[in-house]
Amino acid sequence: MLTVFLVLILLYAIAVLIATVPYWYETPNSPCKDIPAPRLGVLPMLRLWWSAFCSFGWILLAHPLNLMLPWLKPDKEPDLPEREYPPLLLVHGLYHNATGWAFLRRHLQHAGFTRIHSYSYCSFGTNVTRLTNRLEQEISALENRYPGEPVLLVGHSLGGVLIRNWLAAAPGNQKRARGILTLGAPHKGSKMAAFACGELGRSVSPSNPFFSELARAEPKAVIPCLALASEADTMVLPQENLVPVTPGWDFRLTPYCTHVGLLTSSAVARMIAWELHRMSAATDGAKTDAPSPAQVASASVAEKNITAPVTQAAQEKKPLAQPQAKTAKASPPQSGSAAKVAAKPAKKAAASAKKQKMKPAAKTAAKTVTKPVEKAASAKKQKVKPAAKPAANSSAKKKK
C-alpha cells in the first residue's frame, strides 16, 4: 500500500513538472509589457514546481470533499452577524467545483463578507452559452433574496470569462453588479486549451472567434472591474492574454503564485479582500479607482514640489547658525587646505614647548629631593666614624 502511494506521488510530481514546461518556453518567446519575464535558473524552476505541486494537490484533494462535507457546499450561510457588505457570488474555473473556494471563502468571512454564495457547474457536456444562462439564473435568485443590493462577482479562470460574457449579454447588467473581480482569467484565451478535454476546455483556445466577438460586444466598464493575475501563471499562455482589453478595466499583479495558487495563497486572499472592500465602498455602482502606479508617481512628484521650499529654507537656516558658533570660539574660518597647513606647525610648537617645560622642572625637582637625602647620609657616616675611634683607643689602653 505504501509503495502504491509513493508511486502515485512520484507520477503526480512528474506530471506537475511537465505541466510547467510550456511556461518556460512561451514566456521568453512571447513577453508581456505588463507582466515581468521570469528568471531562468534552477531555483526559479524549483520554486515554480513546488508552488504548482502544492496548489494542484490541494485542488485534487478538495474535489471529493464537495460531497462529503456539507459546510463546503455552495449557498451555505455562515453563523456570523451580517454586515453592510454586499452579497458575494463566486464562480470557479474549468474542471473545478465549489470546494476550490474553501480556503478563500474562510478569509473573506473573516474580512466581513458573510453572505457568500458559489456558482458550481460541470465542465463536461456543456458550453459557454449554457453556463452563462445558468449564471443569469443564479444572479436573479440572489437579487430576489437580497432586493436592492447589487452583487459582487468574483471569477477564477474560466469563471471570469463567464462573468464577462454575462456583462455583454445585456446592456443593463452592469447596473446589477456592485463590482467585478477576475483571478487569472484567460481574457483572450490560452494555448493550453490544446491539451484540454471536452468541448468547454477546447473552446478556450485563442483562435476561437468567441473572444474577439466578446471584446466587441462588451461595453465600457462603468463599475469597478479589476483583473488580478500572477507572473507565475502556467495555465494562461501567452501571458498577455491575462490582461483585459475592455475599456474601463484595471489590471494588477498578485504576489507570486501559480494559476491554482490564486485560490490557496494567504497573500492573494488578503489582496482580494482589500479590493472587495474598495468595491463595496462605491456608492450606487460608481467606479472608485485605486491609484495606479503612474498616479502614485505623479503624486509623489507633486509632494516633492510642495515640500521643496520648506526643505530649502531649512537648509538655508543651518549654514547661518553654524558660522556664528565657530566665530565665538576661534578666528574667522579659513579654507580647508590652508587651515590644515596652519594648524600643523602650531601643534608641533605647542608639543615641543610642553616637553621643554616638563623636562627642566622634573630634573630640578629630582635634584632638590635627592640633595637633602645625600647630605643626611654623609652626616650619619661622619658621626659614626669618630665614635668608633675612641672606643678602639680605650680598648688598647685597657690591654696595656
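**A guided reading**

A: Buried means under 20% relative accessible area, exposed over 50%, and partly exposed in between, with a 1.4 Å probe and protein chains only. The model is predicted, so local features need pLDDT of at least 70 and side-chain atom pairs count only at pLDDT 80 or more, while totals for chains, interfaces and linings use all residues. Residues are numbered from 1 along each chain as its sequence is written, and side-chain values use heavy atoms, with hydrogens and water left out.

Q: Where is glycine 159 placed, and which residues does glycine 159 touch?

A: Helices (H or I, at least four residues) and strands (E, at least two) are DSSP runs numbered from the N terminus; glycine 159 belongs to helix α6. Contact means heavy atoms within 4.5 Å. Setting aside residues up to four places away in sequence, glycine 159 touches Val91, His92, Gly93 and Tyr121. Its C-alpha atom is separated by 9.9 Å from that of valine 128, 31 residues apart along the chain.

Q: How many helices and strands are there in the protein, and what share of its residues count as buried?

A: The protein has 11 helices and six strands. Of its 400 residues, 38% count as buried. Among contacts with a separation of 6 or more, 80% are between residues 24 or more positions apart.

Q: Which residues have the most contacts inside the largest nonpolar core?

A: A nonpolar core is a set of buried Ala, Val, Leu, Ile, Met, Phe, Trp, Tyr and Cys residues joined through side-chain atoms within 4.5 Å. The largest one here has 33 residues, and Leu89, Tyr121, Leu135, Leu153 and Ile180 have the most contacts inside it. At least two residues of this core come from each of β1 (88-91), α5 (128-145), β3 (151-156), α6 (158-169), β4 (177-183), α8 (209-217) and β5 (225-229). Helix α6 gives the most, with seven residues. A second, separate core has 27 residues, including Trp101, Leu108, Leu226 and Cys257.

Q: What does leucine 153 touch?

A: Not counting residues up to four places away in sequence, leucine 153 touches Leu89, Ile139, Ile163, Trp166, Ala177, Gly179, Ile180 and Leu181.

Q: How is a pocket told from a cavity, and what lines the largest pocket?

A: On a 1 Å grid over the protein atoms alone, a cavity is a set of points where a 1.4 Å probe fits but cannot get out, whereas a pocket is an open set with protein on both sides within 12 Å along at least five of seven lines; lining residues have an atom within 4 Å of a point. Grid points are joined across faces, edges and corners, and a volume is the space filled by probe spheres set on the points. The largest pocket holds about 740 Å³ of space. Its lining has 28 residues, of which Phe56, Leu94, Tyr95, His96 and Met235 lie nearest the centre. The elements giving two or more residues to this lining are α1 (2-29) and α2 (42-62), and the largest share, four residues, comes from α1.

Q: What is the make-up of this lining by class?

A: Ala, Val, Leu, Ile, Met, Phe, Trp, Tyr, Cys and Pro count as nonpolar, Asp, Glu, Lys and Arg as charged, and the others, Gly among them, as polar. The lining of the largest pocket has 20 nonpolar, eight polar and no charged residues.

Q: What volume has the largest cavity, and which residues line it?

A: The largest cavity has a volume of about 30 Å³. Its lining consists of Leu167, Gln174, Glu218, Pro219, Ala221, Cys225, Thr246 and Trp249, which divide into five nonpolar, two polar and one charged.

Q: Which backbone angles deserve attention at tyrosine 95, serine 157 and proline 238?

A: Tyrosine 95 has a positive phi of about 65° although it is not a glycine. Tyrosine 95 lies in the loop between β1 and α4 (102-110) and is partly exposed, at 31% relative accessible area. Serine 157, in the loop between β3 and α6, also has a positive phi, near 60°, but is buried at 12%. The peptide bond from leucine 237 to proline 238 is cis, with omega near -5°; proline 238 is in the loop between β5 and β6 (250-253).
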